[in-house]
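Here is a short note for a colleague opening this structure for the first time. Please read the points with the model on screen.

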Amino acid sequence: GLSNNFIVSIDTDRYGNLWIGTEEGLNRFDGLQVRSYSRRHGDIPGNAINTVFIDRNSDTLWVATQREGLGAYDTEAGTSIFFLNDPVNSTTVSAREITGITQDDSGNIWFSTYRNGVDKYDAKTGVFSHYNSTNVKGMPESPINCLTAGADGRIYIGHYSGGMTVLEPGTRTATRYLHDAQSSTSLPSNAIGTIYRDAYNNIWVGTNQGIALFQPVTRDFKVFNKEVSGLPDGLVFSILVTGDGKVLASPDFRGVWSAPIERIGEEDSFQLLQGTEEIANIGIHGMAEDSMGNLWLGTYGQGLFFLSHESPIFSSLSETEGMAARNVSSILFASDGSMIVGTQGDGIHILDTAIRSTVRSGLYFTDRTIQYMAAEVLRAYDRAAEIRVRGWLEHQAVCASSDGSSRNVGRFALHELFDV
């Protein structure tokens, strides 16, 4: 299982693996099993993790620790490189307390530190460049919680209690944004839990009084909070815009709330995400969507929560739904979505997965116990508009379709005539 149930960060790699950072170690979930990585085994520089981040241009997993610097783990080779601050070497990472990681569109990796500003790592040279209040005009000294790289080349920085700063790396200038109680288009709060860039390059800011969408042209914010959209108060640690157009936000100890992106500004558009009722009073510190649209939620104290993109085909089929046999011995799926089920004692059932019920039951052979159904049976079912079993000859099943053609579908001694 997981090395620790207090999850602080989640990311996915190009192979579909889920990487999970916790308060006590790193974990990888490949869909079948969990593998743990620790400082004791030399995998990561420290077990207390703030953020994990997959390099989009390589197989490197970056690990930001709370007090032990930075780690780069090669997920293919299984090797690690640690980066620690060296006070006499200005080309090293500027601090041991790394709070956030992002990657710009040029492939550079950016790190936020608690008190020493942000660093840029050039993957080609292996050199760190530093951006802080001593060398960036307008950069505040306020402790940093998170950051993200925008499509415009700017770095968006979230402070624990000091609002948001937008860094222009080329000119080494910064613009600070703070809450203004007299303006409805300012940040809703100066406490920033996360800054998130979605697939459409929008910049979302999570605060303890709702979330805000940054509007770069007017340089202000569209606010979605309890009064506007029904999103409860609480520091938002994670924001995610899903592939099917939902905006998810996780106010601390309020679970996950969801709003259709086209209705997000409407009253009470945010509702508790369906299927997450059991974690409604738990903090969610990490969210990820896999290639199938499934959601993975990292809770702070209750481990990993999985939410399927689609409802299960069926939980179970009862006798009232036409599935009398309890012992299923073989299953095939047809291209139309139907499930063909062979049973022990009740013949074959064809299930319509869309309505979660059987459409044809009790298709019997001489022996009603079906040990195995060959792929030829499935192909026959797929191709024939209407298949009728004519009988059996030398233990060869011959099927005729509605157009009058016949074909051999395997060595099944079919005894009765039935329509499929």
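1. Basis. This is a predicted model, in which local features need pLDDT of at least 70, side-chain atom pairs count only at pLDDT 80 or more, and totals for chains, interfaces and linings use all residues. Residues are numbered from 1 along each chain as its sequence is written, and side-chain values use heavy atoms, with hydrogens and water left out.

2. The sheet. Look for an open sheet of 4 strands, in the order β5-β6-β7-β8. Its pairing is antiparallel. β5 (49–54) and β8 (79–83) stand at the edges with a single partner strand each, so one side of each has no neighbour in the sheet. From one strand to the next, the twist averages 20°; axes here are lines fitted to C-alpha atoms, and angles run from 0 to 180 degrees between N-to-C directions. Strands are DSSP runs of E with at least two residues, numbered from the N terminus. Two strands pair if DSSP finds at least two bridges between them.

3. Inside the sheet. β5 and strand β6 (residues 60–65) run antiparallel and are joined by 5 bridges. Take Thr 51 as an entry point: its bridge partner in β6 is Ala 64. As background, strands of a sheet pair through backbone hydrogen bonds, either parallel or antiparallel.

4. Strand β1 (residues 7–12) has 5 of its 6 residues buried, so the rest of the structure largely encloses it. Buried means under 20% relative accessible area, with exposed over 50% and partly exposed in between (1.4 Å probe, protein chains only). β1 pairs with strand β2 (residues 18–22) in the antiparallel sense, over 5 bridges. Ile 7 stands opposite Thr 22 in β2. The hairpin has 5 residues between the strands, and Gly 16 takes a positive phi near 90°.

5. Strand β17 (residues 192–197) is mostly covered, with 5 of its 6 residues buried. Its antiparallel pairing with strand β18 (residues 203–207) spans 5 bridges. Arg 197 faces Ile 203 in β18. Between the two strands of this hairpin lie 5 residues; Asn 201, in the turn, has a positive phi of about 70°.

6. A loop residue. Is Asn 108 buried or exposed? Asn 108 lies in the loop between β9 (98–103) and β10 (109–113). Its relative accessibility is 15%, so Asn 108 counts as buried. Leaving aside residues up to four places away in sequence, Asn 108 touches Thr 102, Gln 103, Lys 120, Tyr 121 and Asp 122. Contact means heavy atoms within 4.5 Å.
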